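Hello,

The structure we discussed is below, with the sequence. My notes on it follow; please read them with the model open.

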Amino acid sequence: MLEKINSPEDVKNLSYNQKKELAEEIRKYVLDVVSQNGGHLASNLGVVELTIALHSVFDVPKDKIVWDVGHQTYIHKIITGRREELKTLRKLDGIAGFPKTKESKSDCFNTGHSSTSISAALGMARARDIKGEKNSVIAVIGDGALTGGMAIEALNDAGFSKCKITVILNDNEMSISPNIGGLNMFLSKLRTKKLYTKSNVSLKKFIWKIPIIGKPIVKIVQRLKRSIKQLIIPKMFFEDIGFTYLGPVDGHNIEELENILKLSEQVDAPVLIHVLTKKGKGYEIAEKNPDKYHATGPFDLETGKSKKAKSQDYSKVFGNKLVELAEKNEKIVAITASMKDGTGLTEFQKKFPTRFFDIGIAEQHAITLAAGMAMEGLIPVVPIYSSFYQRCYDQVIHDIAIQELPVVLCVDRAGIVGADGETHQGLLDMAFFRLVPNLTIMAPKDFKELENMLEYAVNLKKPVIIRYPRGGEDSEIKFEKCEEIKTGKIEIIKQYEPEEKDENQEELDKEEKQKVTIIAIGKMVAHAMKMANNLEKENKNVQVINARFLKPLDRQAILQELKNANEVITIEDGTIINGLATAIKEIIAEENLQNITLKTYAYPDKFIEHGSVDELEKKYLYKD
Ligand SMILES: Cc1ncc(C[n+]2csc(CCOP(=O)(O)OP(=O)(O)O)c2C)c(N)n1
């Protein structure tokens, strides 16, 4: 059946039994693709029926479906004409793992970061009303994404607006890990309510259709229902803030889903449909471990085992070192915005449950929470992915930097992350944090240096940032030493070769080798070593400097080295604007250094698409 699905029209024409069959075929196909390419598995398996129902009832692209986070849109992509392209999922030049307006007109809004869907949908609905158009606008948001501040801000506005918009709450009780928080407690009360059934919905539909008196009757019924609910569930939050609440409904029953979606279309006001789904549905291995299969690399379908051998990565090294430091210092606490496993904090939570805080997908809150703790003498350590740190820029400035509070801000997934693409690349953090006074910014060249930097940071008593990449150390370059970390001090990794002076040689023969100094930061120090090897083959005398600190920069030492070299190269895994290259250019300009040849390797001023880290480094940074 799947072979015949080339557009939503092909789905609309199927019977419920055929749609059920299609759901199973889609599951198999998604499993095949994700087990080969890697990707977000469990969330997609959970929304197969919901996506079929949505495309059966609504007409995309006239109707707008905004998918929150957007990691669950593989089925949407299949149904909207990208079935074959799905085989290229997340690969360079292939289709993206998230909705992209540039990829298809069926993707009405780009997502990737959590909790934006209700705001975007409300914006579209208000635009529709101003333009006098008629179309439906639907936001599909998970219970995890609902913990994000933006989602709550948008609910607050939407409920009050009376604007016709449908919010579908896809409740699978999971963020990446089990969902947390007061809202989740509230949802769990709703989950135990009797499910909406066809007969229940049909009755409503019938009353609705009675001319003139139809709408008032439904309103009375709804009011009655609401007051009964108020008795059973104290504070029916969604209805109290202006939404008509429908549900909960079985998210794997296409017929019930279609009925409730059609019913919602008849309400000329904000509606919230509470859909209950199972993360990983239909693939037992993922159903049992939905967090492990939230996002996965290529794996064996039979066993569920990863095809790549497990190896050490920066996040795990960070987590292990933090446990070691926390054993010695009870002031250390750790905060995660719903990324416990990804940021390496699983062990910390086990060892220090009372000093560990998973606060939901709420990066802004995480930072100001840390500021409060630091104000009262704790040492909060907050690992957040680089691209999600974009969320809490003001909190870092306003609540931490101005007050100079000793919070350790760990920027995980810094640099190119690869297959997740432009919303997730961590290329901007150096640029935006470099602007902020009072911040110390560091990046380690390898695991050992990360450990040393973390130890240095928890003792610094100042706001400090450590940025490190996704994945592990460089496979080819191993560093033998790691000098003690001193504020703003560089480490010279490779010295110039001493110049050979042959007394007997004629002056003319003694052509001096060109001196090249490569200044690198973080993961790029290993790349600098490879670059040095290549340059030496070109008969150049090369030195490699590990900058370690972007801020404060070791100005005196670097100035000395700039004066000493014929050519200077900088290399960093961030945008070309306002990073290491800019810092070096500033010194050159301020000191009026002439005759320096400067070559800068950094990412261009553009959003970098998805592909493997290697491919993207070669495409945008440098080729060997
Ligand atoms: C701002 C932000 N922080 C963190 C993430 C990482 N992240 C991706 S999906 C996800 C969990 C989403 O849970 P939910 O909305 O319930 O969707 P589900 O995967 O359970 O369907 C998280 C934390 C993100 N995408 N954006």
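Thr597 is found in strand 17. Please keep in mind throughout that this is a predicted model.

Is Thr597 buried or exposed? Thr597 counts as exposed, because it has 11 C-beta neighbours inside 10 Å, and the cut-off for that class is 12 or fewer. Leaving aside its neighbours within four places in sequence, Thr597 is in contact with Asn566 and Glu567. Asn566 is 31 residues away from Thr597 along the chain, and their C-alpha atoms are separated by 6.7 Å.

Strand 17 (597–603) is an edge strand, as is strand 12 (491–494), and each of them pairs on one side only. The sheet they belong to is open, has five strands in the order 12-14-13-16-17, and shows mixed pairing. From one strand to the next, the twist averages 25 degrees.

Inside this order, strand 13 (residues 515–520) and strand 16 (residues 567–575) run parallel and are joined by five bridges. Ala520 stands opposite Ile571 of strand 16. Helix 23 (residues 580–590) lies across strand 13, strand 16 and strand 17, and runs at about 145 degrees to strand 16.

**Strands 1 and 2**

Strand 1 (residues 64–67) is covered on both faces. Lys64 and Val66 are buried on one side, and Ile65 and Trp67 are buried on the other. Strand 1 pairs with strand 2 (residues 137–142) in the parallel sense, over four bridges. Val66 has Ala139 as its bridge partner in strand 2.

**Two helices**

Helix 12 (residues 254–265) has twelve residues, and the distance from its first C-alpha to its last is 17 Å, close to the 16 Å expected at 1.5 Å a residue. Helix 12 is mostly covered, with nine of its twelve residues buried. Among the buried residues are Glu256 and Glu258, as well as Ile254, Leu257, Ile260, Leu261 and Leu263. Asn259 and Ser264 complete the buried set of helix 12.

Helix 16 (residues 363–375) has 13 residues and reaches 19 Å from first C-alpha to last, close to the 18 Å expected at 1.5 Å a residue. Its buried residues are Glu363, Ala366, Ile367, Leu369, Ala370, Ala371 and Ala374. What do the buried residues of helix 16 pack against? They pack against strand 6 (332–336), strand 8 (379–385), helix 17 (386–389) and helix 18 (393–401). After helix 16 comes Gly377, which has a positive phi, near 100 degrees.

As background, an α-helix has 3.6 residues a turn, so residues three or four places apart point the same way.

**Domains**

The chain is divided into domain 1 (2–288), domain 2 (314–467) and domain 3 (492–499 + 511–621). How far apart are the centres of domain 1 and domain 3? Taken over C-alpha atoms, the centres of these two domains are separated by 49 Å. Even so, there is contact between them: five residues of domain 1 are in contact with four residues of domain 3. On the side of domain 1 that touches domain 3, the residues divide into two nonpolar, one polar and two charged.

Regards

Conventions
Residues numbered from 1 in each chain as written. Predicted model: local features only at pLDDT ≥ 70, side-chain atom pairs only at ≥ 80, totals over all residues. Buried ≥ 20, exposed ≤ 12 C-beta atoms within 10 Å, placed from the backbone. Pairing = 2+ DSSP bridges. Axes fitted to C-alpha atoms, helices over the stretch in contact; angles between N-to-C directions. Contact = placed C-beta atoms within 7 Å. Expected span 1.5 Å × (residues − 1). Domains from an automatic or database assignment. Nonpolar A, V, L, I, M, F, W, Y, C, P; charged D, E, K, R; others polar.
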